[in-house]
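Please open the model in your viewer and keep the selection tool at hand.

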Amino acid sequence: MTSHKLRKVDVIFSPYSVAPYKILKDTMQRDKNEVIQELIDSGLRGRGGAGFPTGLKWKFAAAEKSDIKYIICNADEGEPGTFKDRKLLVEVPRKVFSGMAICAWVTGSTKGYIYLRREYRYLIPKLKEELALYEKHAKEFDLDFSIEIFLGAGAYVCGEETALIESMEGKRGEPRNKPPYPIQDGFLGKPTIVNNVETFASSTMVFRYGAKEYIKLGTDDQHGSKLFSISGDSPKEGVYELELGMRLDEFAEEFGDGDTKAVQVGGVAGFCIPRKNFKDTIIGEGNTTGGSTMIFNSTRSMYNVLHNYLEFYAEESCGQCTPCRVGTQQLLKGIEAVKNGTKPPQYLDNLIKLSETMKLTSKCGLGQSVTNSFSSIVNNFREEILF
Amino acid sequence: MTDKVTLTIDGQNVTVDKGMSILDAAKQIDVRIPTLCHHEDLCVAGNCRICVVEQKGKNTLTPSCATPAEPGMEIETSTPKVRKARKDIMALLVSEHNTQCTTCYRSTNCELQDLAAEYNIDNDIYISVVKPDLNIDKSSWSIEKDDSKCIRCQRCVRTCAELQHVNALAVTERGKDMRVSTFMHLPMNEIVCTNCGQCITHCPTGALTERRYYDKIWDAIDDPDKHVVINTAPSVRVALGEMLGYEVGTRVTGKMVTALKKMGFDSVLDTDFSADLTIIEEANELLVRLKKAFVTKEEVALPMITSCSPGWVKFIEHMYPEHLAHLSTCKSPQQMFGALTKTYYAEKKGIDPSKIVSVAGMPCAAKKYEANRPEMRDSGFMDVDAGLTTREIGHMIKQAGIDFLELEDSNFDSIMGESTGAGVIFGATGGVMEAALRTAYFVITGRPVPFNDLNITPVRGLEGIKEATIKFEDCLPEYSFLEGVEAKFGIAHGLINARQIMDQIVEGKSPFVFIEIMACPGGCIGGGGQPIPTNDEIRKKRIAAIYEEDMNKPIRMSHENPEIVAIYEDYLEKPLGEKSHHLLHTKYRKRKRY
Ligand SMILES: Cc1cc2nc3c(=O)[nH]c(=O)nc-3n(C[C@H](O)[C@H](O)[C@H](O)COP(=O)(O)O)c2cc1C
Ligand code: SF4
Ligand code: SF4
Ligand code: SF4
Ligand code: SF4
Ligand code: FES
């Protein structure tokens, strides 16, 4: 476990010192395998939550044989408390498009989509202007890859990549069984690469600086920089680009209000870390790296926090699979029952076991990750749940 | 050659075709894995999660129905982790389920109940999350929908989409409110539903059932004033045994008749009789149309399509309202029977038709709706007072305390109890076509159809769309216009296949002169009123039983049925005659697509 001091950096949001389309053009002069290797060497992982190594994803996609391949930029950003992808699309869309275009070039894709969160539809006119500019450059570079905007279905679960694909196919946004993965059998049955907005923007910056330079940011375990949407009891709510690998105590000190009791790292799907563990926690290690970080001070009832999360889950689960659909309701009713005394305190242990069953048996990341916040809050703040 | 993969399941090596699921691979070595959302007829859903197994090298459990076998996989199907997870999932399903086994129609034939018993959710810890506001929808004549018993496996949704292409049922809402509903949440009688009942036979629980009418029938039987007549369809006799302790594919015709008589039906008759009658009317209708097309060159709708499957009839009324002229005007055998029961039968027996209660024992849910169509009152009464499913008949036999296995055989009553092998095979897909061709060929040429033992094998089997070509040679003078004509006949079962046939017609590309369509996969033997479960293995066995019954019949062509000969001599006068027209034929109505 290595860490370093909290450091704000300016990679992803850096203004266009080298125009992104020049990066695209330069990259296209290189050998494709070399380009993929560079991305692998950069250690870049997906910024959408699951943290899959981006270089490997592109490599697998490049190896797929198919007449057509699709690239989807996941801009569904349904997680409460996050707005980093929106900021990227507003401020540095060219980095995002350039990342998509490089991906298209190395994987042999001709068609790209931006799956845009429904609430962000007001961005469309601006994005269309930017896309026109992109198309102009693509034409100039002789790159056969067009990008279209697809308006999301308006449900949190549609951010899950296979639910997203289902919804693009005009079906109900329910996650699919995996395997097959989208890389093999995605949109319209064709190989499909789904990456987060930030992942595409970061990949552009990897090619801008080269893996050697990029990897200087971060630690041995986590490379580069990442955007954090900070919300909750913070005087500095907002989106920050931070070097990966910082300790939570420093983070709380920088962004908290001096009275931080707990931090939810990695969004609702992540873990709730209590103050006593801040020193031993490095953000992004052993916990997920979803974009949102919520800070709670001592005035917060952790029962209410958990209750809110569970209400969110019980409503946002797509409802198709038993453990998630019924499990989320049971967890919610369960803590209510413990609170009002109709179930004994020990019932919380049953509920933790249930959340583990949900992790083992749910179909997608939503149901699988409920246990993260549930167990970490119940284990660390048991008293607050009970009384 | 297909690729093979070898994996181990519970320590045993097993080699299977590439792409096969872990579940099916396990079946090959007799390892049973519980399932709920899985059904052999349907595409994979993987949503109930009861079939999870442990896969070496993976932290989470693997849904065996939804995961293809991969080379070198190491699977364990019964570890503590797996058993605990399955029990937890069962407990969750039960917590969401309005458990009422003592009053539930599916009790003892319910997959949820079976698994709940197996996993014995004795320490039922979870809080009930049954939704209080879920109603039982009894609006349809055929289908009853009780959402409080639904486990959201979506088998019905997939059935209605994949097998029937009707899409009457769909998932709505998310999370805790997710449920199966209809277009705009309308009641079942207001939506585009064919009443085929396939969703019922594919539902693992009591959430979808047929509307039951047997109490009404008991009342009629108990009423000394009433003369209660039942006719039973060919498919009932090859499936009823499944509910009463017999192996799938056992013919129980004689015992069924005995049981119905013991129960107090005044007369137990055979729908096969009216199936034979349908053949005569329909074959003649086809010949008239062909004559118009070939000789008088009149505008006439060809191909002609059978109309004996009321689910199919409602489907075409909704989906292809502009093409209803293709339907034969013949009523289904059930409705012909009903109309004749209250006219011909009443007359012959000297019974006041207002005192007759005519009951149809059917493999079908749609026939309940059909019996209630306003057109079906040509006798001056409701031609058929109630349709019972095979399942309801099974229940009634049990209710009557009859020891079915010990019963002697008996014969159908008369009149309208005599039938031929041609009437019997109506129950299987291709059967109506085969029966029609046996008679039509004879009428046209004066000779039996040129197939071994009259078995027109190309029209048989479970393929979704089948065709047969028959060349007419040495025709009788009246049909010389067909001399040398090579006619193509088509057969489809399952409405998704019907749609293909219809799309061909719409495009003007249909190669056929005559088409048989059955709403249910496999034909009536796989009907929505048949014992549950139904799958291809079971369909094949029921079909085999039907053809056995055919081979055992002394008469195998409808026009040779002596009672058919008699009814034309005594009553109807001639096929397509005025009485026939009045009692045996009907009209269809255009319905809305949505
Ligand atoms: C319930 C759920 C919601 C998700 N929502 C998002 C989202 O809004 N944006 C996103 O990029 N990824 C989201 N993901 C992750 C995607 O499934 C997928 O892993 C990601 O888009 C892949 O891109 P990456 O490798 O660049 O992270 C979600 C996953 C789950 C399980
Ligand atoms: S885990 Fe939840 S969100 Fe994911 S498929 Fe299952 S019910 Fe849907
Ligand atoms: S559906 Fe099954 S488990 Fe539910 S009440 Fe009916 S028989 Fe019992
Ligand atoms: S009865 Fe048939 S058409 Fe109606 S909902 Fe069920 S499967 Fe669909
Ligand atoms: S009605 Fe039956 S088949 Fe349909 S989802 Fe519910 S339990 Fe499954
Ligand atoms: S039977 Fe496999 S998930 Fe339902």
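**First stop: the ligand shells**

Select ligand 2 and its surroundings: 13 residues surround this ligand, the closest being A:Cys318, A:Cys321, A:Cys324, A:Cys364 and A:Gly367, where a residue is near a molecule if one of its heavy atoms lies within 4 Å of it. By class, the shell around ligand 2 holds seven nonpolar, five polar and one charged residue, with Ala, Val, Leu, Ile, Met, Phe, Trp, Tyr, Cys and Pro counted as nonpolar, Asp, Glu, Lys and Arg as charged, and the others, Gly among them, as polar.

Before going on, note that this is a predicted model, in which local features need pLDDT of at least 70 and side-chain atom pairs count only at pLDDT 80 or more, while totals for chains, interfaces and linings use all residues. Residues are numbered from 1 along each chain as its sequence is written, chains are lettered from A and ligands numbered from 1 in the order in which they are written, and side-chain values use heavy atoms, with hydrogens and water left out.

Then select ligand 5, which has 13 residues around it, with B:Cys150, B:Cys153, B:Gln154, B:Cys156 and B:Cys203 coming nearest, and whose shell divides into nine nonpolar, two polar and two charged residues.

**Second stop: between the chains**

Now select the contact between chain A and chain B, to which chain A gives 35 residues and chain B gives 37, contact meaning heavy atoms within 4.5 Å. The two chains bury about 2,900 Å² between them, 56% of it on carbon and sulfur atoms; buried area is the accessible area (1.4 Å probe) that two parts lose on being put together, summed over both.

Three salt bridges are counted between chain A and chain B, each a side-chain nitrogen of Lys or Arg within 4 Å of a carboxyl oxygen of Asp or Glu. To see a salt bridge in detail, pick A:Glu316 and B:Arg174, whose closest N and O atoms are 3.3 Å apart. On the side of chain A that touches chain B, α11 (302-316), α12 (322-339) and α13 (347-361) of chain A each supply at least two residues, and the largest share, ten residues, comes from α12(A). Helices here are DSSP runs (H or I, at least four residues), numbered from the N terminus.

**Third stop: within each chain**

Colour chain A by its domain 1 (20-214) and domain 2 (302-386), bounds that come from an automatic or database domain assignment. Taken over C-alpha atoms, the centres of these two domains of chain A are 33 Å apart, and the area buried between them is about 820 Å², of which carbon and sulfur atoms give 65%. Highlight A:Tyr156, A:Val157 and A:Pro175, which supply 52% of the area that domain 1 of chain A buries against domain 2 of chain A, more than any other three residues. How many salt bridges does the rule find across this interface of domain 1 and domain 2 of chain A? The rule finds zero there.

Finish in chain B, where the centres of domain 1 and domain 2 are separated by 26 Å, taken over C-alpha atoms. Domain 1 of chain B and domain 2 of chain B bury about 1,200 Å² between them, with 58% on carbon and sulfur atoms, and one salt bridge is found across their interface.
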